[in-house]
Amino acid sequence: MDYFLDVVLPIPLEKLFTYKISQAEADFIQEGMRVAVPFGKSKIYTALAYRVHQNAPEAYEPKEIYQILDEQPVVTQVQLKHWEWVAKYYMCTLGEVIRSALPSAFMLESETLVLPNKNADVDEAELTDDEFLIFEALQHQTALKISEVSDIVDKKNVLKLINTLVHKGVVLQKEELYEQYKPKLVRYVKLSEQYDEGEQLAELLNELTRAPKQSQVVLSLFQIKSKKSNKPIAVSELEEASGASRAVIKALIDKNILQEYHIRKDRVEFDERSEASKHVDLNEYQHQALQNINQGFDDGKPVLLHGVTSSGKTEVYVKLIQKCLEEGKQALYLLPEIALTSQLINRLRHYFGHQVSVYHSKYSIHERVEVWNNVLNRAEKAQIVIGARSSLFLPFTDLGLVVVDEEHENSFKQFDPAPRYHARDAAVVLAALHKANIVLGSATPSIESMFNAKTQKYGYASIAHRFGDVLMPDINLVDIKEATRKRRMKGHFSEILIKAITEALEEGEQIILFQNRRGFAPVVECTTCGHVAQCPNCDVSLTYHQRRNQLRCHYCGYHMALQQACLACGSPTLDNKGFGTEQIQQELGQLFPNVSVGRMDLDTTRGKFAYEKIISSFENQEMDILVGTQMVTKGLDFRNVSLVGIMNADSMLNFPDYRAHERSFQMLTQVAGRAGRTQKRGKVLIQTYNPYHQILQQVTTNSYDKMFKEQFYEREQFKYPPLVRLIRITLKDKDFNKLNEAADWLAGSLRNVLGSNILGPEYPPVARIRRDYLKNILIKIPRKQPLAQTKNSIKRIEKSFNAISKYKSVRLVYNVDHI
């Protein structure tokens, strides 16, 4: 009887692929194991076992699998269900979800090897010089990698050459899999067992009197052993204690005086802290919120926790996590920014010791594999996982609680590549699959979540007072239009802001300045002819970065040196328009020369520990002023910040997006919340050209309810979420005319099937990125209309679209719940 295996390949193809397996393999393979399978002419892929069955495929002759890579499944059944939901809901393929979810080290790569053909009778005279070099090298080696062939003939592209040799029968090609993950092994030493008796030991020390360095190593080993009481002693530790080199220790190992052994260790180890404090004191408002949350959990609902900034939401989460751990279950704590994890790790480790693991994209592939395995095996050190959105995909076996902190953040939405999922919504589904509790927390909840709470789809809890009855910050608007007219501006600083900074510095307090644009200036313009330096690949102006003296594109990474003269007319009259964090930092240096100023944006946080360094040095008051983009707005807790300055609130308000006002309110309220988190009342100054704007007025009075009502009313009028669902289809192509034609065809077909709720096709604000022209079609789906049916209709239209040969090169990108 024949057995077959359906596998999911990590490539963007809709269907599963079937391979032939033996009965023994069919008995051994479980759903969620990795198998290596041949695909195409010569490629080997790591695929995920999906289902064993006995139905042979009709369309093709199934190949046999290459090898089974696991003894136990690395992906659980609940995970697969969740990934299938993500693929279906966000209109992508299961292969794309797997490619995104699994650490890349699990995806074994195949490498082409070139082998000599031992049966071939080769006439050397017929070979070219390059072919002969490879033939000769293979007389001395069993196989060559592609990179080695490249080095031998000193050419980058050697595939054509190898194909010629294969054709001539001189060489053979073979695909070999290699594992990317290598466990970290630490070297340890101990005294050989023959010296356990006192006499032999005395004899040994007597012998070593002529080798003082070796004698010192043995004595140091005893000293460490007496302190550590039977704990293993690492070679590096012995080296440090004895002051001897590795060569001395190696000599003792060679003499069989010391024995060497290895222990496998995780790459990320937090300091052991035995005195984890389990005690958390809650005030009456937090107690009430905790009761309301538990009431929501009893009703089987997700719960929205609406707590003002600095109200102590983290302590409420800690209580919920404690209860979850007491029940023997795992907890997941989702954060929007990696920057937040470093502060939160310390706080959670204070309560839970070494039970906390961290998972995000700044970790190396090896570190991610280790966290994955710890979660899968329910290791004690992975009872609580803190992570950014990718930690949703970890193999939880018994998840009891999910906390989504700062749930309103749009960083939870993945934009590129697919799956373009929203971590908050995917977390709600994950919790439902595990029958776990989920709490969404924010000082400024998204309108969707608040709508769900008001319609009782979610439970609701609120904390309206700051912890310790600290006053909410005093928020004032500064009219820079008036200040500019009266010439009361120094650079981009109003007199009021300068005065407030001076007072805060005199009192030894710290300041955060927020400007939501990195670089020095977003536009460099010629004042003679008006020419602006543009990116050749995208429809945007190049941003000037002073530190590197470069003009850079923030979309595709293109950069060029700053020109001394205009590229159009040759005039040297170049002027900067607008300002970014770099310019603010420079101006502060001129206004306050003796003050330490730090900067936190994408340019300064590229390294693995860059976030941590900036945050800890600001916490330790090594910096007086921190200038930053939206990274500084997200839930960071600095005790000594008394003043927050927002350099220009208008750029956010005037953004072409239906969420611009909601986002501005959230961001301004969040950044204001960094001020005055201890007894002294904080101060917030918002510089704007339009101080009478309704959103700015609502921020100053902290009127979330007013903002919600107004925004909800507008969305009712113009049919936007949460009253409808949105699917945005982006068409991409390098040919401008073909793109327009294709977009019109697709929009027409969608209107024929779905009616009038189709907007577009329309160019986005940036209509060309990385040489691809873009056009958007927006589909509005009323709540009453079945979503699954609508998506199926769109997919059917896509099949017809793909069948038109003229539009083959046009790519479609789906963004469900476009945010």
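1. Two strands count as paired if DSSP finds at least two bridges between them. Labels are DSSP runs numbered from the N terminus, with helices (H or I) of at least four residues and strands (E) of at least two.

2. Some ground rules before going on. This is a predicted model, in which local features need pLDDT of at least 70 and side-chain atom pairs count only at pLDDT 80 or more, while totals for chains, interfaces and linings use all residues. Residues are numbered from 1 along each chain as its sequence is written, and side-chain values use heavy atoms, with hydrogens and water left out.

3. Back to the sheet. It is open, with six strands in the order E19-E31-E30-E22-E29-E28 and parallel pairing. Strand E19 (474-479) and strand E28 (597-600) are the edges, each pairing on one side only. From one strand to the next, the twist averages 20°. As background, strands of a sheet pair through backbone hydrogen bonds, either parallel or antiparallel.

4. What lies across this sheet? Helix H20 (residues 610-619) lies across strand E22 (510-514), E28, strand E29 (625-628) and strand E30 (641-646), and runs at about 145° to E28. Axes here are lines fitted to C-alpha atoms, for helices over the stretch in contact, and angles run from 0 to 180 degrees between N-to-C directions.

5. Now a helix pair: the axes of helix H22 (residues 660-672) and helix H24 (residues 704-718) come within 10 Å and cross at roughly 165°. H22 and H24 are therefore roughly antiparallel (under 35 degrees is roughly parallel, over 145 roughly antiparallel, 65 to 115 roughly perpendicular, the rest oblique). The crossing is left-handed, that is, the near helix is turned anticlockwise from the far one by less than a right angle, with clockwise being right-handed. His661, Glu662 and Phe665 of H22 meet Tyr704, Met707, Gln711 and Arg715 of H24, where contact means heavy atoms within 4.5 Å. By class, that contact has three nonpolar, two polar and two charged residues. Ala, Val, Leu, Ile, Met, Phe, Trp, Tyr, Cys and Pro count as nonpolar, Asp, Glu, Lys and Arg as charged, and the others, Gly among them, as polar.

6. Compare helix H25 (residues 736-754) with helix H26 (residues 787-802): their axes come within 10 Å and cross at roughly 140°. That makes H25 oblique to H26, and the crossing is right-handed. On the H25 side, the contact residues include Trp745, Leu746 and Leu750, and on the H26 side they include Ile794, Ile797 and Phe801. This contact has nine nonpolar, four polar and no charged residues.

7. Why is H16 (residues 447-454) largely enclosed by the rest of the structure? Seven of its eight residues are buried, with buried meaning under 20% relative accessible area, exposed over 50% and partly exposed in between (1.4 Å probe, protein chains only). Glu448 and Asn452 are among the buried ones. The cover includes strand E12 (303-307), helix H15 (423-434), strand E17 (437-442), strand E18 (459-463), H22 and H24. After H16 comes Gln456, with a positive phi near 65°.

8. Last, Leu332 in strand E13 (residues 330-334). Leu332 counts as buried, at 1% relative accessibility. Leaving aside neighbours within four places in sequence, its contacts include Val385, Phe396, Leu401 and Leu430.
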